[in-house]
Amino acid sequence: MSCLSIKLPGLDLKNPIMPASGCFGFGREYAKLYDLNVLGAIMIKATTAEPRFGNPTPRVAETNAGMLNAIGLQNPGLEKVLSEELPFLANYNVPIIANVAGSLIEDYVKVAKEISAAPNVHALELNISCPNVKTGGIAFGTDPAVAFEVTKAVKEVSEVPVYVKLSPNVANISEIAVAIEQAGADGLTMINTLLGMRIDLKTGRPVLANGTGGLSGPAIKPVAIRMIHEVSQKVSIPIIGMGGVQSAEDVLEYLFAGASAVAVGTANFVDPFICPTIIEELPYKMHELGFEHISECIGRSWKQHAKIAYSRT
Ligand SMILES: Cc1cc2nc3c(=O)[nH]c(=O)nc-3n(C[C@H](O)[C@H](O)[C@H](O)COP(=O)(O)O)c2cc1C
């Protein structure tokens, strides 16, 4: 047994580290740099029923502790993801978590039904929290009743476990998390980006063509830790945590807060080797702190022995 292996619904992870959706595309660029087999899982870019060009440019801007983006769910569409991207990823022995997005509940249902039937998709991540699209996206993730409805509709058609991605742009995140658990979700992923903005001093206009964008990177880590710490005590389904993770120490902080696995997003743009580096360093950091297996770390900040649904492999 590896000290990093962990089982979550649908996911038999050799380690708890995975690239976050939208920060790794469909893996093709990173596959030229390292062997993707080292990863615990891969969360692929959001897939919508039809191809999307996304928002007008400029759609990314740097900030002091991260970045703003308003990509607007650019992706090649369901058909291409099924016929080209997933078969490419089938060359690797890595569980795939397919990120599903849409404008209407029917869109989510269509994509979820078809993509969950792909042989190498092990779980879905429902993106009901994207701040950069006008319809759907965040609108689903900020109202507990709507979040319940979309989760339930997708659960009815999905062939694999469903994780729902929470938006931090809400007053009461636990209320949404509990509604999603009641709708039958198998897990949560959290958090998506925080709504933000930058202004160009020369023009007086917003830097992003979209006006606002989603803030990611180290600036949002304390927000994510607070939210995971809170939500993990209110639900019994596991959480995959994300937001500003850059090191093995950050991963342990997430696990202590109550996450059962951790995704790395923006840091991939700073250092494309960040995931394999963290995977290599994690056992040393864990053993330094006196832990033999990562399961001992989960929820450490608020309990001695985790009750969350996971098991050692
Ligand atoms: C450029 C970019 C594109 C993203 N695209 C998606 C997406 O398609 N679907 C999604 O659920 N989240 C998307 N996200 C959010 C990330 O998956 C992640 O939740 C967020 O960036 C926080 O993690 P980080 O601070 O490590 O980047 C995107 C983030 C960035 C920076």
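C130 counts as buried, because its relative accessibility is 7% (buried means under 20% relative accessible area, exposed over 50%, partly exposed in between, with a 1.4 Å probe and protein chains only). The model is predicted, so local features need pLDDT of at least 70 and side-chain atom pairs count only at pLDDT 80 or more, while totals for chains, interfaces and linings use all residues. Residues are numbered from 1 along each chain as its sequence is written, and side-chain values use heavy atoms, with hydrogens and water left out.

C130 is found in the loop between β8 (121–127) and α4 (138–141); helices (H or I, at least four residues) and strands (E, at least two) are DSSP runs, numbered from the N terminus. An unreviewed UniProt entry carries the annotation "active site" for C130; such annotations may be inferred rather than shown by experiment.

R205 lies in another loop, between β11 (194–196) and β12 (213–216). With 58% relative accessibility, R205 counts as exposed. Leaving aside residues up to four places away in sequence, R205 touches R198, I199 and D200 (contact means heavy atoms within 4.5 Å).

Helix α3 (residues 105–115) packs with helix α5 (residues 144–157) at an angle of about 30°, and their axes are 9 Å apart. Helix α3 is therefore roughly parallel to α5 (angles under 35 degrees count as roughly parallel, over 145 as roughly antiparallel, 65 to 115 as roughly perpendicular and the rest as oblique). From α3, the contact involves I105, Y108, V109, A112 and K113, and from α5, E149, V150, A153, V154 and V157. These contact residues comprise 8 nonpolar, no polar and 2 charged.

How values were computed. Axes are lines fitted to C-alpha atoms, for helices over the stretch in contact, and angles run from 0 to 180 degrees between N-to-C directions. Ala, Val, Leu, Ile, Met, Phe, Trp, Tyr, Cys and Pro count as nonpolar, Asp, Glu, Lys and Arg as charged, and the others, Gly among them, as polar.
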